[in-house]
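Subject: Structure for you to look at

Hello,

Here is the structure I said I would pass on. Please open it next to this email and follow along.

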Amino acid sequence: MTRRVASLRYKEHQFSSNPMPRKALYDLNDVLNEAIDVFLEHGYHGAIMDEIIARTDFNRRGFYIEFGSKQRFLYKVLEHYQNNQLANVMVPLEHNRGLDSITEFFDAYVEHVKGRGCLLINCITELGHDDATIRDIGRHYLDRLQIDFIGCLEKAQQSGQIHAHVNIESAALQLTSYVQGFAVNAILAAETDEMHIATRSLLAPLSSR
């Protein structure tokens with residue numbers, strides 16, 4: 001056997017014996033969904049790393065390779081929460097069928113937050129004073145919510161669902177504020193009846209029906 005052939009066979013053996021890159025042993029969506037529950041149950045400061053890692057099937061090294069820090073992990077969880085949970089709740093507003101869309105949104109939101117609150121509002125309340133990123137995320141969400149309310153109220157006014165004298169911008173701001181209040185109240189309220197009644201009371205003065 002020539003040296004060249006022997007060398008080629010040695011390299012071939014080296015290549016074939018090298019293990020293939022290991023695939024991740026976790027599903028990122030499952031990890032983020034589980035993390036939503038952890039943060040809702042304990043808040044950011046109360047959610048300890050050991051529980052996050054245990055409940056998401058991460059090992060500590062893999063967690064820091066993927067996310068870098070608990071804070072960056074929270075930002076990723078919030079992005080996932082908005083795209084996969086809050087976005088579904090906001091669908092009625094996006095359809096913009098006037099006052100009916102607003103009513104449907106509040107019904108869906110009350111069911112979403114009951115007993116646990118809203119992760120985004122919880123984070124704004126807990127971290128917004130010191131964390132500029134959380135403030136920006138929260139401001140963007142609330143601005144979008146207010147714009148959607150304005151669109152639905154304008155449609156409602158055009159179709160005669162609400163009184164012509166209603167100040168659209170002020171009403172939209174009030175509705176946005178109620179969303180924040182509902183998120184906090186939902187943690188304390190055992191039942192959703194109070195919030196459904198509050199929704200009807202909030203919208204009744206606007207309606208021309």
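Below is what was found in it, going from the whole chain to single residues.

This is a predicted model, in which local features need pLDDT of at least 70, side-chain atom pairs count only at pLDDT 80 or more, and totals for chains, interfaces and linings use all residues. Residues are numbered from 1 along each chain as its sequence is written, and side-chain values use heavy atoms, with hydrogens and water left out.

Overall picture

The protein has 11 helices and zero strands. Both are DSSP runs numbered from the N terminus (helices are H or I, at least four residues; strands are E, at least two). Of the 209 residues, 41% count as buried. Buried means under 20% relative accessible area, exposed means over 50%, and partly exposed is in between, with a 1.4 Å probe and protein chains only. Among contacts (heavy atoms within 4.5 Å) between residues at least 6 apart in sequence, 67% join residues at least 24 apart.

Confidence

pLDDT is the predictor's confidence in each residue, from 0 to 100. The protein averages 85, and 86% of the residues score at least 70. Confidence is lowest in helix 1 (residues 3-17), with a mean of 44, and highest in helix 9, with 96. Over residues 3-23 pLDDT stays under 50, and the model has two contacts beyond four places in sequence for this stretch.

Core

In soluble globular proteins, nonpolar side chains tend to be buried together. A nonpolar core here is a set of buried Ala, Val, Leu, Ile, Met, Phe, Trp, Tyr and Cys residues joined through side-chain atoms within 4.5 Å. The largest one has 62 residues, and those touching the most other members are Phe39, Phe73, Ile102, Phe105, Tyr109, Tyr141 and Phe149. Helix 9 gives the most to this core, with 10 residues. Leaving aside neighbours within four places in sequence, Phe73 is in contact with Val31, Leu32, Ala35, Phe39, Ile52, Phe63 and Phe67.

Aromatic pairs

Rings of Phe, Tyr and Trp (its six-membered ring) pair if their centres lie within 6.5 Å; planes under 30 degrees apart count as stacked, over 60 as edge-to-face and the rest as tilted. By this rule there are 12 aromatic pairs. Why does the pair of Phe63 and Phe67 count as tilted? Their ring centres are 5.5 Å apart and their planes are at 50 degrees, so the pair falls under that heading. Phe63 and Phe67 are four residues apart in helix 4 (residues 60-67), which separates them by about one helical turn. Phe63 is buried, at a relative accessible area of 0%, and Phe67 is buried too, at 5%.

Phe106 and Phe149 form a stacked pair, 5.9 Å centre to centre with 10 degrees between the planes. This pair links distant parts of the chain: Phe106 is in helix 7 (residues 99-113) and Phe149 in helix 9 (residues 132-158), 43 residues apart. Phe106 is buried, with a relative accessible area of 0%, and the value for buried Phe149 is 0%.

Around Tyr44

One aromatic cluster is formed by Phe39, Tyr44, Phe63, Tyr64, Phe67 and Phe73. Tyr44 lies in helix 2 (residues 28-46) and is buried, with a relative accessible area of 13%. Which residue lies over the face of Tyr44? Lys70 does, at 4.5 Å from the ring centre. A charge sits over a ring if NZ of Lys or CZ of Arg is within 6 Å of the ring centre and within 35 degrees of the ring normal. The C-alpha atoms of Tyr44 and Leu127 are separated by 8.2 Å, although the two are 83 residues apart along the chain.

Glu126 is found in helix 8 and counts as partly exposed, at 31% relative accessibility. Not counting residues up to four places away in sequence, Glu126 touches Gly43, Tyr44 and His45.

Helix 10

Helix 10 (residues 168-188) has 21 residues and reaches 31 Å from its first C-alpha to its last, close to the 30 Å expected at 1.5 Å a residue. The expected span is 1.5 Å times one less than the number of residues. Its buried residues include Ile168, Leu175, Val179 and Phe182. What covers the buried residues of helix 10 includes helix 7, helix 8 (119-127), helix 9 and helix 11 (193-203).

Regards
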